[in-house]
Amino acid sequence: MGKKLYSGHTLRQIRSDFGLSQSEFAKKVGLSTAYVNQIENNNRPVTASVLLSINRIFGTDLAAFEKNDLDRVMQDLQEIFADTQFHSSTIGRQELHELVTRAPGITQAIMDLYGTLRGYHDREAIEDELAHMNGAADGSSGFKKSAYDEVRDYFHYMDNYVDSVDRAAEKLAHEIGLPTGSSKYASLTSWLEQRFGIRVEQVPEYQGTLIRQDDYTRKISLYRAIPQSTKNFLLGSVIAELCVKDLISEEVERAKFKTKSAESIARLALRNYFSGALLLPYDDFLRTAARCRHDIQLLSNLLDVSIETICHRLSTLQRPGANGLPFYFVKIDRAGNVVKRHSATRFQFARFGGSCPRWNVHQAFEQNSNKFTAQVAQMPDGVQYLCIATSVTKHQPDYGTGERRYALGIGCEVKYADAIVYADGLDIDEISDPEPIGVNCRICPRDNCDQRAFPAIDKEPFIDPGRRGIVPYRVTPTE
C-alpha cells in the first residue's frame, strides 16, 4: 500500500457482521485485543499482513478497505455542517473524522436527517412562493427523500460498479458474440429471435415511444430514426429484463431503498447498467480504452456506442483486481440540473444547490455538439483534476419537438493524465495555476472568486460603501 490505511470503521463492520467481540476477533486473526481496539479507533493503520489474514479467515474482499467512502462522507458532512441555517456551532475536520470512523450509523442518520430538514425548508420556500402567486399551496404533508437521490447515493457509494450485474453482462456478451461480431444490432436481434422467439422490427413513425415490446405477438418495435447506438442500448435493456431480472431484484433488495419509487428507478438504472456492460464487456473495453488512451470519440466510433455510453462506462471500471482509471461522470441539462452523477474519484458533486460556474462542463453548451474541451482544475482540498467536457444533442422526431441538449463532464486526477489523449498539449507538468473550482458557492472557501453567485453560508456578507469590486459585497467569517 502506498500510504498508511486507517480503516477502523471497515474492520469494525466485518467483526460485527460475524457477531464477534473484539477479543474473539483478535484471537481468530492472531492479534492482541488491544491491537484490534487501536485499529478500530484509527489509532493504528491496518497492515498488509492483517489484511491478508482477514481475507484468508473471513473471505472479505480486500477492496473494501480501499473504498473512497470515508472521503466522500467527510465531504458530505462538511457541506452539511457548513449550513448555519440549522446550527450555530463550528465543527472541525478532526471532529468529523472521529464521527465518521467511530459512529458510521450515527453519521448516516445525521445525513438522512439533514436531507429531511433541507426538504422541509425547500418545501416551505416553495409554499411561500405559491402563496404569493396563488394565495395558498396544497396542503399535502410529509416529506420524503427524493427517489432519484436515493438511487444516486446507492451508485455513488458503490463507486458506480455493480459486480454481479457487470459480470453477468460480460458473460452474456461473449455468448452472443458481441465483441467479435461485425454488427451489434444484427447480433442482438438474431439472438433475441433464436433464444426467445422475439422479432425486432423498425417503424418509421414516432408514436410517443422509442421502443415498444408486445409480449403477445413476441415483437419489439423500434423507432427507425434514432441512432443505431441508441437502438442497441434499448435492446440491451430489454435483454436485462429477460435474462437477469432476478439478479437485479436481489441487488435492489440488498440496497434497502426507503421507497417503492426508488426501487423502480433503481431497477431501470440497473437494467441500463447491464445494457452498457453488455455492449462494452469489462475486460475487452478496459484494454481497448487503455490502448486508445481514453479517446472518447475514437472509442465511440470503434465500438458503435454513443459518446454518453462511453463516458458512463469509463466511470464504472472499478472491478476489484482489474481497476481502470478512476473517473467521475456527470450529465447536466441547460438549467444546470444534474441528470446523472457518478464518481470513482475523490471529486465531490454538490448534493444541495448548484455547481461551480468555473467548471468547464458548463462551458460545453457554448461549443458545438461533440466538441471536447479540457481543463486542469483544482478543488479546495488541493487535488487537481483533468476535466473533460462536451455537449450532446438528442434526436428530434419533428419540428415541433424542442431540442434536448446536455453537457457531459468526465475527468480524473491529473496524475493519470499521461494515459489520456485530452491531456496532450496541456503541459500538465508545467501547470502552476490551475482553474480554481469548488463544489458550489454555498460551501466554497474562496472569498475572492469573481464568479460567486452569493457568499458561502458560513460567512457574513457586508457592504463597504467606499469600495466595490466585481462582487459587490465582502465577507467575514461567522463567529
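Me: What makes helix α8 oblique to helix α13?

Reply: The axes of α8 (residues 147–156) and α13 (residues 260–279) cross at roughly 45° and come within 8 Å. Axes here are lines fitted to C-alpha atoms over the stretch in contact, with angles from 0 to 180 degrees between N-to-C directions. Under 35 degrees counts as roughly parallel, over 145 as roughly antiparallel, 65 to 115 as roughly perpendicular and the rest as oblique, so α8 is oblique to α13. Bear in mind that this is a predicted model: local features need pLDDT of at least 70, side-chain atom pairs count only at pLDDT 80 or more, and totals for chains, interfaces and linings use all residues. Residues are numbered from 1 along each chain as its sequence is written, and side-chain values use heavy atoms, leaving out hydrogens and water.

Me: Which residues of α8 and α13 meet?

Reply: From α8 come Ala147, Tyr148, Glu150, Val151, Tyr154 and Phe155, and from α13 Ser261, Ala262, Ile265, Ala266, Ala269, Leu270 and Tyr273. Contact means heavy atoms within 4.5 Å. By class, that gives 11 nonpolar, 1 polar and 1 charged residues. Ala, Val, Leu, Ile, Met, Phe, Trp, Tyr, Cys and Pro count as nonpolar, Asp, Glu, Lys and Arg as charged, and the others, Gly among them, as polar.

Me: Why is α15 called roughly perpendicular to α16?

Reply: Helix α15 (residues 296–303) packs against helix α16 (residues 307–314) at an angle of about 110°, with the axes 9 Å apart. That angle makes α15 roughly perpendicular to α16. On the α15 side the contact is made by Ile296, Leu299, Ser300 and Leu303, and on the α16 side by Ile307, Ile310, Cys311 and Leu314. Sorted by class, these are 7 nonpolar, 1 polar and no charged.

Me: How do you know that Ser343 is buried?

Reply: Buried means under 20% relative accessible area, exposed over 50%, and partly exposed in between (1.4 Å probe, protein chains only). Ser343 has 0%, so Ser343 is buried. This serine sits in strand β7 (residues 338–343).

Me: What joins the side chains of Ser343 and Thr345?

Reply: A polar contact of 2.9 Å. The term needs a pair of N or O atoms within 3.5 Å; within protein, one must be able to donate a hydrogen and the other to accept it, and residues adjacent in sequence count only if both atoms are side-chain atoms.

Me: How many of the protein's 479 residues are buried, as a percentage?

Reply: Buried residues make up 45%.

Note on methods: Helix = DSSP H or I, 4+ residues; strand = E, 2+ residues; numbered from the N terminus.
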